[in-house]
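Dear colleague,

Please find below the structure that I am handing over to you, followed by an account of what was found in it.

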Amino acid sequence: MTSLLTHSNPISYLPNSSPTPSKSPFFTHSKTLKPFKSKPLTIKSILQYNRKPELAGDTPRVVVITSGKGGVGKTTTTANIGLSLARLGFSVVAIDADVGLRNLDLLLGLESRVNYTVVEVLNGDCRLDQALVRDKRFSNFELLCISKPRSKLPIGFGGKALVWLVDALKDREEGCPDFILIDCPAGIDAGFITAITPANEAVLVTTPDITALRDADRVIGLLECDGIRDIKMMVNRVRTDMIKGEDMMSVLDVQEMLGLALLGVIPEDSEVIRSTNRGFPLVLNKPPTLAGLAFEQAAWRLVEQDSMKAVMVEEEPKKRGFFSFFGG
């Protein structure tokens, strides 16, 4: 069995329905599938491109993007979700909380413009606005790095310092940002505790493999102990061909194991590596890729505090090879 992803907003699926009239503001697409029953099942998707998502909750929304396991796509998710939010018209400050191993500036193509960090702000060497790096493509997106590469934090730096930083962003003259995204370091040590302290929401990034899921389950417990109850999940690097071949867990299996609301599903895409090496986030590609569209839809759901769901569909039978005649 595999999982078919259906979206509650901005995408919804209506079974056995007639096509929408041409005067509708929605873009519609109908497709006939082979269901379990004898008669065909028509599934119609309605994409709401005629409106801007409505921001839910109080601002600023402080969201930590974490996973526990390294290499699952936290920084890639932060960069693409952040720029997607900026494209939707929301003001965003992305904080790279990975001390000594920062990479968010590389993915955004801003590495040459980071002159000051939070450490210099705390030491009194610069102002907060000097440490904020404004993106030239979107003026409502700013990057803030905790420290310089291969550097160590002062002994007194911890969760309270990051809470002070978030409060300073709220009270600055330019106005309070709509979103503060915190790119959390891997692991569950002091850096993890520092990154999650000021957050009131969390996005847990994982991949459909047992090592990432075990670490993700541990992180969920730590987030809940810290008082963060609004936790949503992003499943990254999903390959439908491996799911159909029963070589990879389906998205529904992952959701049942972790018990979290599903924010988005990102398919495996070779364009991710190219965009990373160019410092050009995936959501800015033209024409857009499947992974880029998935990040944009996840950003839309994050704005409206929405989620998506996975349902089971019939999987295709495995193809039998030549040697199957001999029992192979």
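In which sense do β6 and β9 pair, and over how many bridges? The model is a predicted one, and in it the two strands pair in the parallel sense over five bridges. Within this pairing, Ala-94 has Leu-181 of β9 as its bridge partner. Strand β6 (residues 92-96) also pairs with β8 (residues 141-145), again in the parallel sense and over five bridges; here Ile-95 stands opposite Leu-144.

Five of the five residues of β6 are buried, so the strand is largely enclosed by the rest of the structure. Val-92, Ala-94 and Asp-96 point one way, while Val-93 and Ile-95 point the other way. In a regular strand, side chains alternate between the two faces of the sheet.

Ile-95 and Leu-144 are also among the residues that touch the most other members of the largest nonpolar core, which has 50 residues. Helix α7 (residues 210-225) gives the most to this core, with six residues. A second, separate core of 39 residues includes Ile-81, Ala-212, Ala-291 and Ala-294.

Finally, I draw your attention to Arg-172, located in the loop between α5 (159-170) and β9 (179-183). Arg-172 has a relative accessible area of 16%, which means that this residue counts as buried, the cut-off being under 20%. Its side chain makes a polar contact of 2.7 Å with the side chain of Glu-142, and Arg-172 also touches Val-93 and Leu-132.

Yours sincerely

Methods
Residues are numbered from 1 along each chain as its sequence is written. This is a predicted model: local features need pLDDT of at least 70, side-chain atom pairs count only at pLDDT 80 or more; totals for chains, interfaces and linings use all residues. Side-chain values use heavy atoms; hydrogens and water are left out. A nonpolar core is a set of buried Ala, Val, Leu, Ile, Met, Phe, Trp, Tyr and Cys residues joined through side-chain atoms within 4.5 Å. Buried means under 20% relative accessible area, exposed over 50%, partly exposed in between (1.4 Å probe, protein chains only). Helices (H or I, at least four residues) and strands (E, at least two) are DSSP runs, numbered from the N terminus. A polar contact is a pair of N or O atoms within 3.5 Å; within protein, one must be able to donate a hydrogen and the other to accept it, and residues adjacent in sequence count only if both atoms are side-chain atoms. Contact means heavy atoms within 4.5 Å. Two strands pair if DSSP finds at least two bridges between them. Lists of a residue's contacts leave out its neighbours within four places in sequence.
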